[in-house]
Amino acid sequence: MKNGRDPVIVGIADAPIEDGKFVTKASVLGHAALVAKAAVEEAGLTLDDVDGLLTAGMWGVPGPGQLATVTLGEYLNIMPTYVDGTNIGGSAFEAHVAHAAMALREGYCEVALIVYSSDQKSLRSRNLGGRPSVLSMQHETPYGMPTPVGGYAMAARRHMHEYGTTSENLAEIAVATRKWAQLNPAATRRDPLSVDDVLSSTMISEPLHLLDCCLVTDGAGAIVMTTAERARDLKTAPVAVKGYGEAHTHWAIGEMPDLARLLPAQKAGETAMKMAGVSHSDIDVVEVYDSFTITVLLTLEALGFCKIGEGGDFVSGQRTAPGGAFPMNTNGGGLSALHPGMYGMFLLIEACRQLRGVCGDRQVAGAETALVHGTGGTLSSGATVILQKD
Amino acid sequence: MSPEKPLPVIDHDSAPYWEAAQEGRLDIPLCGDCGKHHFYPRAICPHCHSDNLRFDTVSGRGEVHSFTIARRPAGPAFADDVPYVVALIELEEGPRMMSRIQTDDPEKVHIGARVEVTFVKASDEIAHPYFRMT
C-alpha cells in the first residue's frame, strides 16, 4: 500500500574523473560539497532544505574524518537534525539509504543527503592497508597479511577447494564487467580485456591476479532522498526505495564464520527482498560490489541468484556481460569504472540511472526493479537495497 | 634499510597468550562453562558469552584451512619476505588462527596440509607462533 511518507530517491550526482583522478580542483570535502549541491539542485532543492546528513569516509583519519557528519556539516554550513555516520566499509551507503528511509517514514527528517568523497588516487594513498597491530589486528597484521586483498584471496582459495571454482570463472566476471565499461564514456578502463589477459596479469595474492582487483581512483557521489509526497513537487522522476537489509559478521578475516559463504549478503538480501515483496525473477538489473572478482561470485550465491557453490557456472559464458541473461554492474563496476575506496555509493547511483532510463548505450531495456548490494571491510559487512521505478 | 615489521600491541586480553608464546607454549582461552576453546583471546567466550575462562595449553597441531601466497608485500616491512605464505590454521582443538607457514617452497602448501606450531622470536617480548608442515 502506498503511503505519502514512502522513501524515494530524487537526486543523484557524481564527480567527473579522468584517468582515475578528479578533474575539478577542490579538496576532498570540496568534492563532497560539489556533488551534494548538484544532487539537491537536480531535484529542485537547495542545501538549506537538507535536514538529514549521512556520510562515511576515510578522509583526515585520524582527525576530522572521525566525526564525518560533523565535519561535512560544517563545510556545507548546514545544521542537520538527523545524522548518521555509520561506517561499515564500502556498503555504508546502502545502509545509509536504509537508515534514511526509516527516518523519513518516521517523520524524523524531510530531505536526507548521503555523500561520499575520496581523493585517494590523487593523494597516492590507500588508507585501507596497514591496519595497526592493535586489538584483533594484533593477531593478523604482524604476519604480513596483504590488506584487504589477502583476505579475499583466502576466501577465493577456500571456494575453489570446496566447489571447484576456477581462476577462469573469476576472470569471466572481470571480462564481462569491462564490456559494460566500454559502453560507459565515464569509465576509467575501457580497453578490451580477455580471460587470458586476466590470468596472465601479475599475481598479487594467490589466487588473485591484478585484474581480479578493483581500481584505485578518486570519486565523489551524492544521493538525495525524501518522501513520495514531497517528491511530487520536485523536478526529477523519483526512484522508490522498496526494501533494505544489512548485517555484518567480522572484521579480521580469520574470524569470518565461513570463508566460502557470505552470510551478511544472505541475511541482508533476504530481509530486503522480503520487505520489497520481490523475488529473483522480478529483478531487472543487479549492481553488486566488485572489490575483487571473488566478491561478486560470493555475493551472487549468497543473494540466492544461484546455489551456493554454483557461482562459477552461473557467471560463465559471459552471462553478466551486455546482452547476457543477467545484466550486472552496468557502469563497469569497481573493476573497470571507478573505485574510490568505498564504492557502494556508485552502485546506488548507477542503479538509479538505469531505472531513470538515462544510460544510453549501456541502458538495460525495460529496467524497472534493481537490486543493489554493497560489501564492506574484508567480506565483513553487507547491505542490500531494492529500488523501483516509481 | 626497510622499516621494521609491526609488532602486536599487547593488551589485557592477550597478555597471557603472548607470555606463553615467548616461553614456547601455545596457550589459548578455554571456557569453563561450554568447554570450548576460542581464539583470539577475549574477556567473554564468543560461543556462550560466559566469563568463566582460563588459558589452556593446546597441542599446537592443526591443518591449513586456507592460505594465500603474497606475491606483493603488505607494505615495505615485508618486502624481503616475498613470496611468503599467510595461512589460516584450524587447530585440532577447533579455533582458527592467522599465521605464517614457514616453508622454502610456498607451492607445496595446500588446504588440509597438517601443520605444527613453531615459535619465531620477533623482539624481547614477542615470539610469533608460525607453523610448519608435518
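User: What makes R131(A) a residue that lies over the face of W251(A)?

Analyst: This is a predicted model, and in it R131(A) lies at 3.7 Å from the ring centre of W251(A). The distance cut-off is 6 Å, with the charge also required to be within 35 degrees of the ring normal, and R131(A) is accordingly listed as lying over the face of W251(A). In chain B, R42(B) lies over the face of Y40(B), at 3.9 Å from the ring centre.

User: Why is the pair of Y82(A) and Y108(A) called edge-to-face?

Analyst: A pair of aromatic rings is described by the distance of the centres and the angle of the planes. For Y82(A) and Y108(A) the centres are 5.6 Å apart and the planes stand at 70°; since rings pair within 6.5 Å and planes over 60 degrees apart count as edge-to-face, the label follows. This pair belongs to a search of the whole structure that finds 11 aromatic pairs over all chains.

User: Which parts of chain A does that pair tie together?

Analyst: Y82(A) belongs to strand 5 (residues 82-84), whereas Y108(A) sits in the loop between helix 3 (92-106) and strand 6 (111-118), so the pair joins parts that are 26 residues apart in sequence.

User: How do you know whether Y82(A) is buried or exposed?

Analyst: Its relative accessible area is 12%, and because buried means under 20%, Y82(A) counts as buried.

User: What makes Y17(B) and W18(B) a pair, and of which kind?

Analyst: Their ring centres lie 4.8 Å apart with the planes at 65°; as the limits are within 6.5 Å for pairing and over 60 degrees for edge-to-face, Y17(B) and W18(B) form an edge-to-face pair. Both Y17(B) and W18(B) are buried.

User: How is chain A divided, and what describes the contact between its domains?

Analyst: Domain 1 of chain A comprises 7-124 + 218-241, and domain 2 comprises 143-215 + 244-389. The contact takes 44 residues from domain 1 of chain A and 34 residues from domain 2 of chain A. Between them the two domains bury about 2800 Å², 67% of it on carbon and sulfur atoms. On the side of domain 1 of chain A, I12(A), E94(A) and V239(A) lose the most area to domain 2, together 22% of what that side buries.

User: Why do D14(A) and R353(A) count as a salt bridge?

Analyst: Their side chains meet at 2.9 Å, N to O, and because the criterion is a distance within 4 Å, D14(A) and R353(A) qualify as a salt bridge.

Notes
Residues numbered from 1 in each chain as written. Chains lettered and ligands numbered in written order. Predicted model: local features only at pLDDT ≥ 70, side-chain atom pairs only at ≥ 80, totals over all residues. Heavy atoms only, no water. Phe/Tyr/Trp six-rings, centres within 6.5 Å; stacked < 30°, edge-to-face > 60°. Helix = DSSP H or I, 4+ residues; strand = E, 2+ residues; numbered from the N terminus. Buried < 20%, exposed > 50% of the residue type's maximum accessible area, 1.4 Å probe, protein only. Domains from an automatic or database assignment. Contact = heavy atoms within 4.5 Å. Buried area = accessible area lost by both parts, 1.4 Å probe.
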